[in-house]
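Here are some notes for a colleague on one protein model. Please read them beside the coordinates.

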Amino acid sequence: MDPRTPWQALTRGDYLRGGWPWRSAGYLASGVLVGVPVLAVLLVLAAFSLVLVGAPLLLLTGVALGGVERWRLRLVDTNPAADPHRIPEEPGLWAWLRVRVREQATWRELAYALLHGCVLWPLELLALAVALGAPLALMATPLGLALDGHEVRVLKGPLVTTYPVAFAAALCGLLLLPALLYPLGALAGARAALTRLLLAPRDTELRRRIGEVTRSRARLVAAFEAERRRIERDLHDGAQQRLVALAMTLGLARLDAPPGPLADQLAKAHDEAGRVLTELRELIHGIHPQVLADYGLGAALTDAADRSAVPVDTDLDLPRLPPPVESAAYFAVCEALTNIGKHSGAGRARLTARHGGELLHIEVEDDGTGGADAGKGTGLTGLADRIAVLDGRLAINSPTGGPTVLRVEIPCRALCG
């Protein structure tokens, strides 16, 4: 497995042959380039903070630097650091500021900005000077002697006046450089770990964000179900009633028309209106069956089993459940029964549904040929995603030769009354 950080790379024998030494050096060097302007900005804003003007800007500096540092961390850490901040629920600068001031991550970023501007980048500069500057200066001794012609001072130390001594110093620098690249990588790894500690999301922040995503996901499911039911009501109370009235009008006109071409055309129109009305009723039933809304999941599953192309034995014991749960479970069973009728070659199926311990458990089994795979484009793939939104699980066990068993589990509580 490829290393993700300098610390992991240091344990491998090919550390010097890889790119990690230079990535570490680049990370520390870029820290110096970032740290110098950060120190200047902090000094200016600290002065303005005396009149309460620079305090908000000082806070924003920490937030901005946090984003830069999380991006820069990719130089030495292949696992990206996520943004710990929440997205404000309202637009505007003041809403953004209110959210940021209340977050621990904002204050950690401010502390990091102060630490980086005052302490970290000077240490990085010193490390680079020792680990890279000193060996390179030694290796440049013969060049310096050639340019001066008489003598050259090595690292502010002894004078070198002869080429044998100059080349000996260059050899020392050549040997010293790879040896110092190891501690340089270790320092870069420690520096990256400190950055991740202060600027990446903490466990509590991740749990909070997961909770927000879960609640948002539940609201989306509820809104989706409400929209389905609204469409079903509009079709049932609007378009369907108009088609019924049209079919009745055509039927009366057909009875009153004398035999002939007009009567034949009215008969065709009447039959066509009847077929359209039948298709519309099937469409309405597919969007959100009325029995599901009125009588719950148990009655809806019984109705689905009665309409199945393959005989279905049912064993159902279900209370009323939350509408999103009932809808997802119903359509999962309908899709399973449809697949049994079309693809399984089964002679009989069995449907079992129970609710207990705050868990809905549904099992659909058939005696067909098996070999079903939800990952090969069947409609169950989308239903599995929909059930996963409810923290549920859909699983299929279908060995070649059968039987095929589909299981649905959705955590939920029964509705009172």
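The points below cover the basis of the model, a sheet, a residue in that sheet, and ring contacts.

1. Basis. This is a predicted model: local features need pLDDT of at least 70, side-chain atom pairs count only at pLDDT 80 or more, and totals for chains, interfaces and linings use all residues. Residues are numbered from 1 along each chain as its sequence is written, and side-chain values use heavy atoms, with hydrogens and water left out.

2. The sheet. Five strands form an open sheet in the order E3-E4-E5-E7-E6, with mixed pairing. Strands E3 (312-317) and E6 (393-397) are the edges; each pairs on one side only. Neighbouring strands are turned by 10° against each other on average, direction ignored. Strands (E, at least two residues) and helices (H or I, at least four) are DSSP runs, numbered from the N terminus. Pairing requires at least two DSSP bridges between two strands.

3. E5 and E7. Strand E5 (residues 359-366) pairs with E7 in the antiparallel sense, over eight bridges. Val 364 has Leu 406 as its bridge partner in E7.

4. Helices on the sheet. Helix H11 (residues 297-306) touches E3, strand E4 (349-356) and E5, and its direction makes about 180° with that of E3. Helix H12 (residues 323-344) lies across E3, E4, E5, E6 and E7, running at about 10° to E5. Axes are lines fitted to C-alpha atoms, for helices over the stretch in contact; angles run from 0 to 180 degrees between N-to-C directions.

5. Thr 404. This residue is in strand E7 (residues 404-411). Thr 404 is buried, at a relative accessible area of 10%. Buried means under 20%, exposed over 50%, partly exposed in between (1.4 Å probe, protein chains only). Beyond neighbours within four places in sequence, its contacts (heavy atoms within 4.5 Å) include Val 364, Asp 366 and Ile 396.

6. Aromatic pairs. How many does a search of the whole structure find? It finds three. Rings of Phe, Tyr and Trp (its six-membered ring) pair if their centres lie within 6.5 Å; planes under 30 degrees apart count as stacked, over 60 as edge-to-face and the rest as tilted. Tyr 163 and Phe 167 have ring centres 6.3 Å apart and planes at 35°, so this pair is tilted. Both lie in helix H7 (residues 163-199), four residues apart. Tyr 163 is partly exposed at 39%; Phe 167 is exposed at 52%. Tyr 330 and Phe 331 have centres 5.2 Å apart and planes at 75°, so they are edge-to-face. Tyr 330 is buried at 1%, and Phe 331 is buried at 13%.
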